[in-house]
Amino acid sequence: MVQARKIALYMIVVFVLYTIITSPERAADLVQVGFEGVSSAAQGVGDFMSELVQ
């Protein structure tokens with residue numbers, strides 16, 4: 001099981017590096033979308049906590 005996890009991790013790393021090298025613009029777009037998603041999720045949690053306090 002540990003060996004399969006290592007292989008999967010290596011495959012993901014290779015895929016990410018390949019994507020960055022072959023298409024940096026697309027990789028930047030994907031990172032931006034990811035950060036926007038995290039930001040909006042954090043904003044939602046903050047709004048929820050603010051409503052709980054009030």
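Which residues form a nonpolar patch on the surface?

**Figure 1. Overall view of the predicted chain.** This is a predicted model, in which local features need pLDDT of at least 70 and side-chain atom pairs count only at pLDDT 80 or more, while totals for chains, interfaces and linings use all residues. Residues are numbered from 1 along each chain as its sequence is written, and side-chain values use heavy atoms, with hydrogens and water left out. The secondary structure comes to 2 helices and 0 strands; helices (H or I, at least four residues) and strands (E, at least two) are DSSP runs, numbered from the N terminus. The radius of gyration is 17 Å, well over the 10 Å that the globule rule gives for 54 residues, so the chain is more spread out than a compact globule. This radius is taken over C-alpha atoms, and the globule rule is 2.2 Å times the number of residues to the power 0.38. Along the principal axes, the C-alpha atoms fill a box of roughly 50 × 35 × 5 Å. The chain exposes about 5,000 Å², of which carbon and sulfur atoms supply 71%; accessible areas come from the Shrake-Rupley method with a 1.4 Å probe, and for residues only the protein chains shown count as cover. Buried residues make up 4% of the 54 residues, where buried means under 20% relative accessible area, exposed over 50%, and partly exposed in between (1.4 Å probe, protein chains only).

Figure 2. H1 is hardly covered, with a count of buried residues of 1. Leu9, Val13, Leu17 and Ile21 form the nonpolar patch on the surface, with about 400 Å² of accessible area together. Patches are made of residues with over 30% relative accessible area and no salt bridge; like charges are joined within 9 Å, and nonpolar side chains (Val, Leu, Ile, Met, Phe, Trp, Tyr) within 5 Å. A salt bridge is a side-chain nitrogen of Lys or Arg within 4 Å of a carboxyl oxygen of Asp or Glu. An α-helix has 3.6 residues a turn, so residues three or four places apart point the same way. Leu9 lies in H1 and counts as exposed at 53% relative accessibility. Leu17, also found in H1, counts as partly exposed at 48%.

Figure 3. Thr19 is placed in helix H1 and is buried, with a relative accessible area of 16%. Leaving aside residues up to four places away in sequence, Thr19 touches Pro24 and Ala27; contact means heavy atoms within 4.5 Å. The C-alpha atoms of Leu17 and Ala27, 10 residues apart along the chain, are separated by 9.6 Å.

**Figure 4. Gly46 in helix H2.** Gly46 belongs to H2 (residues 24-53) and is partly exposed, with a relative accessible area of 32%. From C-alpha to C-alpha, Gly46 and Gly34 are 18 Å apart in space and 12 residues apart in sequence.
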